[in-house]
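Here is a two-chain model to work through by question and answer. Look at the sequence and the structure first, then read on.

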Amino acid sequence: MNTQVTIAGVTLKNPVMTASGTFGSGMEYSRFVDLNRLGAVVTKGVANVPWPGNPTPRVAEVYGGMLNAIGLQNPGVDVMLERDIPFLKQFDTNIIVNVCGKTVEEYVEVVEKLGDESAVAMLEINVSCPNVKEGAIAFGQKADALYHITAELKKHARQPLMMKLSPNVTDIVEMAKAAEAAGADALSLINTLTGMKIDIYKRKFVLANKTGGMSGPAIKPVALRMVYQTARAVKIPVVGMGGIGSAEDAVEFLLAGATAVSIGAMNFVNPYVTEEVVKGIEDYMAQCGVEDINELIGAVE
Amino acid sequence: MEKRRKENGRVLSQKEIAPQIFDMWIGTGLAAQARPGQFIGVYPRDKSTLLPRPISICQADRERQALRIVYRVAGRGTEEFSHYKEGDEIAILGTLGNGFPLEAAEGKRVLLMGGGIGIPPLLAVAEALSGTLGEAGADIRTVLGYRDSGLFLKEDFRRYGAVYVAAEDGSVGIRGNVMDAVAAENLAADVIYACGPMPMLRAIKGYAAQQGIDAYISLEEHMACGVGACLGCVVKTKEINRHSHVNNARICTEGPVFEAKEVEI
Ligand SMILES: Cc1cc2nc3c(=O)[nH]c(=O)nc-3n(C[C@H](O)[C@H](O)[C@H](O)COP(=O)(O)OP(=O)(O)OC[C@H]3O[C@@H](n4cnc5c(N)ncnc54)[C@H](O)[C@@H]3O)c2cc1C
Ligand SMILES: Cc1cc2nc3c(=O)[nH]c(=O)nc-3n(C[C@H](O)[C@H](O)[C@H](O)COP(=O)(O)O)c2cc1C
Ligand code: FES
């Protein structure tokens, strides 16, 4: 049975990855799962300098999911290179670093620093960050801005670039095509859906930031639809995520056209979920007589 | 390092010890590694409520392999737990957090200060201090603050030393909060261990700084992972934190107990 997939020249032993921001840099969950079993570990978003993030409360539970407004707290790319990459290097898995910034120049700085680290297999670019030069509209919410940042980063990147699309747009396909046209090597989606929660007794927002990104099982149908639309519209590989918590969920995304999947919020519900999904996909393949996992990709009829 | 894990425990007993306050013993192997001040994440079964509820360990019985939790019904998760019966399975993640530094109490006058639903973890502290410290021992006094006459755990603390009670509505003990009780009773101390609502912890931080007392406070924040991965549960710190490289520490892993002077609350 073959569970191996390839994304932009990077071979994954299986299509199961972690979703950025939900798995730290692997250290915490390595006490629950064997990182060697995973196709890739995607790190928390990292910027050129440390970011303090938002005030608390930063997380809230909602029906079938959660909201987060962490505000991209991170220790900066230098700490990532000195501490987190050496930790992850001990494992036989791919390291994908998620990158954030407030200006194109900040992203470029991070991408260049990571370029010298050969252990980093791929870069995932979080374009849901507010663009401070464009009135804080996220880079990923306007096709021309997304095209521009992708093209610019492509000039500086030494690793394949995976652009992580925001679902908070009118037409996900337009965004996907803009990133592809600008030279993106792969796409990942979806990032969180912007949401809100209000405490009716206090008449206050539950999150200090008022709004937060929604994730978890409740967003899965939306994510699946967007992955399906995107995968049909572009030639580059697509990584699907949004509410995945079981092998069945993961296979749905593969059938919709994803080459690999990321697991996020469900790590909080079941710290063993990533390894269980790897095993579950193998069981599904055995049960359904699937010899090669690549047969599943986009095979929905 | 302790073996942190998610497992199914079994409810050994549960009873309501004050209005909406429940006292549950859970049979679980996690009892062997529990330290005073640590907590567990309790998962509701209802799949629309996904995240583990952080609940302090009130007592750990190693021989019986059991953990005691005492909690207030605050919402959907705790409401569900309150209906669990003896023999039911209960999914828990643990043990989480750092716990109180007990060494700091050796040979000292200790004040345990608990407010409301912050009272339970201090019982484990009282028990450990009375049992483990050698000849020097520790002189333990406890101040418990309640909203009204719905007292709970007071008798449990009595076994370990004098207990002073404050109630906001003045129906029992001293009218006011734990700080009012400290003033009224003139309670001197070298070390404070405290858990309770934020205004109380702020007052203790100020009092300890003024009096030159070492104070260790257990903080609360909304959590998602409970294991340090999501950065949801931070508190502002005075110094740059070693892990985050910013002035933020994770309450779930570097806490919930902090030295009062280290945190900006
Ligand atoms: C380290 C720690 C120890 C705690 N120990 C105890 C204890 O021993 N006894 C006790 O009664 N309570 C304790 N709490 C508070 C307890 O976690 C909340 O009351 C509980 O999570 C409420 O869940 P719910 O589903 O009933 O409420 P809901 O309001 O339905 O919960 C919705 C979401 O908000 C979170 N949440 C709500 N209130 C709080 C809160 N005060 N703190 C953190 N998260 C919250 C829930 O976990 C859940 O994710 C502790 C909290 C922390 C952080
Ligand atoms: C607590 C938390 C933090 C996140 N941080 C990041 C981040 O730093 N960068 C990023 O690109 N996405 C981040 N995300 C989005 C996830 O990677 C993922 O796209 C989204 O949560 C949907 O997947 P899920 O439903 O499986 O969680 C975060 C999500 C959560 C819940
Ligand atoms: S709850 Fe996730 S880091 Fe503390």
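**Two chains, question by question**

Chain A holds eight helices and 16 strands; helices (H or I, at least four residues) and strands (E, at least two) are DSSP runs, numbered from the N terminus. This is a predicted model, in which local features need pLDDT of at least 70, side-chain atom pairs count only at pLDDT 80 or more, and totals for chains, interfaces and linings use all residues. Residues are numbered from 1 along each chain as its sequence is written, chains are lettered from A and ligands numbered from 1 in the order in which they are written, and side-chain values use heavy atoms, with hydrogens and water left out.

Q: What radius of gyration does chain A have?
A: The radius is taken over C-alpha atoms, and the globule rule is 2.2 Å times the number of residues to the power 0.38. For 301 residues, a compact globule would come out near 19 Å. Chain A agrees with that, at 18 Å.

Q: What percentage of the residues of chain A count as buried?
A: Buried means under 20% relative accessible area, exposed over 50%, partly exposed in between (1.4 Å probe, protein chains only). Chain A has 301 residues, and the buried part is 60%.

Q: Among contacts in chain A between residues at least 6 apart in sequence, what percentage join residues at least 24 apart?
A: Contact means heavy atoms within 4.5 Å. Take the pairs in chain A at least 6 apart in sequence; the part joining residues at least 24 apart is 69%.

Q: How many Å apart are the end C-alpha atoms of helix α2 of chain A?
A: Helix α2(A) covers residues 104–115, which is 12 residues. The expected span is 1.5 Å times one less than the number of residues. That gives 16 Å, and the end C-alpha atoms agree, at 16 Å.

Q: What covers the buried residues of α2(A)?
A: The buried residues of α2(A) include Val104(A), Tyr107(A), Val111(A) and Leu114(A). Their cover includes α1 (77–89), β7 (94–99), β8 (120–126) and α3 (143–156) of chain A.

Q: Which residues does Ile219(A) touch, not counting residues up to four places away in sequence?
A: Ile219(A) sits in the loop between β14 (211–215) and α5 (220–233) of chain A. Ile219(A) is buried, at a relative accessible area of 3%. Its C-alpha atom is separated by 8.4 Å from that of Gly64(A), 155 residues apart along the chain. Leaving out residues up to four places away, the residues touched are Ile190(A), Leu193(A), Met214(A), Gly242(A) and Gly243(A).

Q: Which residue does a cis peptide bond join to Leu189(A)?
A: Most peptide bonds are trans. Here omega is about 15°, and the bond is cis. The partner is Ile190(A).

Q: What is omega for the cis peptide bond between Thr56(A) and Pro57(A)?
A: Pro57(A) is in the loop between β4 (40–42) and β5 (59–62) of chain A. The bond from Thr56(A) to Pro57(A) is cis, with omega about -5°.

Q: Is Arg203(A) buried or exposed?
A: Arg203(A) has a positive phi near 55° without being a glycine. Arg203(A) lies in the loop between β12 (198–199) and β13 (204–205) of chain A. With a relative accessible area of 75%, Arg203(A) is exposed.

Q: What is the radius of gyration of chain B?
A: Chain B has five helices and 16 strands. The globule rule gives 18 Å for 265 residues, so chain B is as compact as a globular protein of that length, with a radius of 18 Å.

Q: Which residues does Val182(B) touch, not counting residues up to four places away in sequence?
A: Val182(B) belongs to helix α4 (residues 178–185) of chain B. Val182(B) is buried, at 3% relative accessible area. Without residues up to four places away, the list is Leu111(B), Met113(B), Val143(B), Leu187(B) and Tyr207(B).

Q: Which residues of chain A does Arg4(B) touch?
A: Arg4(B) lies in the segment before β1 (5–18) of chain B. Its relative accessibility is 7%, and Arg4(B) counts as buried. In chain B, the residues touched include Gln33(B), Gly94(B) and Val227(B). In chain A, they are Arg31(A) and Phe32(A).
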